[in-house]
Amino acid sequence: FDMITHFFPFIYIKDHLEWGLPGELFSPEKLLLDAWRNLKIGGLYLIVNQGDQEYQKQKEMLTNIGAQIKVSFCMQSPLYRYDNEHYIMAAVKNE
């Protein structure tokens, strides 16, 4: 793929289960790696997380698969104040 977007992926099992998803399907590292492997060289992987803890964990997971984050920032909506801050990260696959 030229671009893959990942909005609010479940990083923690608690959130996964609260949404009613089966526990045996919880595998955030595998999901991340599968998405990364399916990205073309030069492709963009855009991830949006909520809350600093989830954002920091996502950054660690990206680093662990060898992805280099090119852009990373906190974004506040001008229309609505969310309980958790939203973070945006983008990595470009170089090899």
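Is Gly66 buried or exposed? The first legend below takes up this question, and every view shows a predicted model.

**View 1. Gly66 in the loop between helix 3 and strand 3.** Gly66 has a relative accessibility of 55% and therefore counts as exposed, since the term applies to values over 50%. Along the chain, Gly66 and Leu33 are 33 residues apart. The distance between their C-alpha atoms is 9.9 Å.

**View 2. The buried and exposed residues of helix 2.** Helix 2 comprises residues 28–37, and its buried residues are Pro28, Leu32, Ala35 and Trp36. When the helix is seen down its axis, these buried residues fall within an arc of 100 degrees, so they line one face of helix 2. Lys30 and Arg37, by contrast, are exposed on the other side of the helix. The partners against which the buried residues of helix 2 pack are strand 1 (3–7), strand 2 (44–50), helix 3 (52–64) and strand 4 (86–92).

**View 3. The largest nonpolar core.** This core has 15 residues, and those touching the most other members are Leu32, Trp36, Tyr45 and Leu62. At least two residues of the core come from each of helix 2, strand 2, helix 3 and strand 4. Apart from neighbours within four places in sequence, the residues in contact with Tyr45 include Leu32, Trp36 and Leu62. Also among the contacts of Tyr45 are Ile4, His6, Ala35 and Leu39, together with Met89, Ala90 and Ala91.

**View 4. The packing of helix 2 and helix 3.** The axes of the two helices lie 10 Å apart, and the angle between the helices is about 55 degrees. Helix 2 contributes Pro28, Glu29 and Leu32 to the contact, while helix 3 contributes Gln58, Met61 and Leu62.

**View 5. Phe8 and its positive phi.** Phe8 is located in the loop between strand 1 and helix 1 (13–18). Most residues other than glycine have a negative phi. Phe8 is not a glycine, yet its phi is positive, at about 50 degrees. With a relative accessible area of 33%, Phe8 is partly exposed.

**View 6. Glu85 in the loop between strand 3 (69–75) and strand 4.** Glu85 counts as partly exposed because its relative accessibility is 35%, which lies between the limits of 20% and 50%. Although Glu85 and Gly51 are 34 residues apart along the chain, their C-alpha atoms are separated by 5.1 Å. Gly51 is also one of the residues that Glu85 touches, when those up to four places away in sequence are not counted.

**View 7. Val92 in strand 4.** The relative accessibility of Val92 is 24%, so this residue counts as partly exposed. Residues up to four places away in sequence being left out, Val92 touches Trp36, Gly42, Gly43, Leu44, Gln68 and Lys70. Of these, Trp36 is a buried residue of helix 2. Val92 and Ile11 are 81 residues apart in sequence, and their C-alpha atoms are 21 Å apart in space.

Definitions and conventions. Residues are numbered from 1 along each chain as its sequence is written. This is a predicted model: local features need pLDDT of at least 70, side-chain atom pairs count only at pLDDT 80 or more; totals for chains, interfaces and linings use all residues. Side-chain values use heavy atoms; hydrogens and water are left out. Buried means under 20% relative accessible area, exposed over 50%, partly exposed in between (1.4 Å probe, protein chains only). Helices (H or I, at least four residues) and strands (E, at least two) are DSSP runs, numbered from the N terminus. The arc is that of the directions from the helix axis to the C-beta atoms. Contact means heavy atoms within 4.5 Å. A nonpolar core is a set of buried Ala, Val, Leu, Ile, Met, Phe, Trp, Tyr and Cys residues joined through side-chain atoms within 4.5 Å. Axes are lines fitted to C-alpha atoms, for helices over the stretch in contact, and angles run from 0 to 180 degrees between N-to-C directions.
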